[in-house]
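Q: Can you walk me through this one? Keep it quick.

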Amino acid sequence: GTKWNNPIPNDEFLIIGHRGASAYEPENTIPSFELAKNLGSDYIELDVHLTKDDKLVIMHDKDVKRTTESKGKIKNHTLAELKELTADEDKDGKVAASAQKEAYDIPTLQEVLAQMTDETRFVIELKDPDEYDGIEEKLVSMMNDYGLIEKDKKGYPKAVIHSFDEESLQKVHRLNKDIPLLQLISFDDGEEAKMTSKELTKLQTYAIGVGVSYEALNAEFVSAMHQANIIVFAYTVDDREDAVKLQAMGVNGIHTNKPDLLTGTE
Ligand code: G3P
Ligand code: CA
């Protein structure tokens with residue numbers, strides 16, 4: 001294929017805090033992101049949706065039921081309505097009763113970007129983007145406002161976008177060719193990761209990498225991706241031995257709910 005530079009070198013092994021440090025703090029909240037950063041994550045992963053009044057908010061599911069005390073779709077709530085809720089998938093009352101309760105408001109993307117320092121890098125997932133007209137434009141414009149479409153002092157992209165939705169990634173690519181994109185791919189249980197050369201050629205037109213469930217990964221696939229100048233992230237890896245194995249396989253980053261899995265004493 002054509003020669004182009006991948007902004008993330010394929011000898012890199014990055015720790016990506018999945019929904020923050022979500023094994024230790026309620027997922028996709030500012031305390032979870034702050035902890036992920038403090039535990040040394042190279043990137044922080046979060047999922048974005050659009051409210052009824054067109055604000056980008058951070059939550060995994062498109063419905064508030066699992067992670068809050070309420071129910072219903074995000075897109076049927078205004079931001080003000082969502083701000084009445086507490087993002088706490090444990091719902092054991094501890095967060096709701098705590099003095100820090102407000103810290104566990106459902107965060108907007110803007111709040112996260114405004115509160116976290118310049119040194120934080122993000123993997124932003126367009127989750128269920130077909131639910132939300134114009135979410136790609138909103139995201140690209142927010143990334144522009146916060147200077148995320150550039151590299152940091154270390155030369156890493158300050159933000160990348162990933163999604164299972166290929167059409168949505170291609171839309172982002174048409175809006176701004178400088179945003180690094182990763183295609184999320186799921187394989188069936190027991191299936192090995194693979195890609196046809198036709199699929200690979202198409203992938204290279206818009207993406208710098210793939211995000212694949214770690215169970216499906218194998219050295220052959222990783223090296224085929226590297227030869228095509230495509231990096232490979234694995235999701236979601238919470239076991240130290242798995243992480244070590246994936247690193248040896250040449251994987252370029254792991255999404256983990258425990259960003260200290262290689263450094264902690266656990
Ligand atoms: O980290 C990859 C991952 O974000 C895709 O799955 O469901 O955790 O968003 P999910
Ligand atoms: Ca995600």
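A: One term before we start: two residues are in contact if their C-beta atoms, placed from the backbone, lie within 7 Å. Also, this is a predicted model.

Q: Fine. Which residues is Leu217 in contact with, leaving aside neighbours within four places in sequence?
A: Ala193, Val212, Val222, Ala234, Leu246, Met249 and Val251.

Q: And which residues touch the most other members of the largest nonpolar core?
A: Leu217 is one of them, along with Leu181, Val232, Ala234 and Ile254. That core has 66 residues. Strand S2, residues 43-50, supplies the largest share of this core, 5 residues.

Q: Switching topic. How many helices and strands are there?
A: The protein has 9 helices and 9 strands. Its radius of gyration is 18 Å, close to the 18 Å from the globule rule for 266 residues, so it is as compact as a globular protein of that length.

Q: What box do the C-alpha atoms fill?
A: Roughly 55 × 45 × 40 Å, along the principal axes.

Q: How much of the protein is buried?
A: 42% of the 266 residues count as buried.

Q: Now Phe233. Buried or exposed?
A: Phe233 is buried, because 27 other C-beta atoms lie within 10 Å and the cut-off for buried is 20 or more. Phe233 sits in strand S8, residues 231-235.

Q: What does Phe233 touch, not counting residues up to four places away in sequence?
A: Ile16, Leu182, Gly209, Gly211, Asn252, Gly253, Ile254 and His255.

Q: And where is Asp47 relative to Phe233?
A: Their C-alpha atoms are separated by 16 Å, and the two are 186 residues apart along the chain.

Methods: Residues are numbered from 1 along each chain as its sequence is written. Chains are lettered from A and ligands numbered from 1 in the order in which they are written. This is a predicted model: local features need pLDDT of at least 70, side-chain atom pairs count only at pLDDT 80 or more; totals for chains, interfaces and linings use all residues. A nonpolar core is a set of buried Ala, Val, Leu, Ile, Met, Phe, Trp, Tyr and Cys residues joined through C-beta atoms within 7 Å. A residue is buried if 20 or more other C-beta atoms lie within 10 Å of its own, exposed if 12 or fewer, and partly exposed in between; C-beta atoms are placed from the backbone. Helices (H or I, at least four residues) and strands (E, at least two) are DSSP runs, numbered from the N terminus. The radius of gyration is taken over C-alpha atoms; the globule rule is 2.2 Å times the number of residues to the power 0.38.
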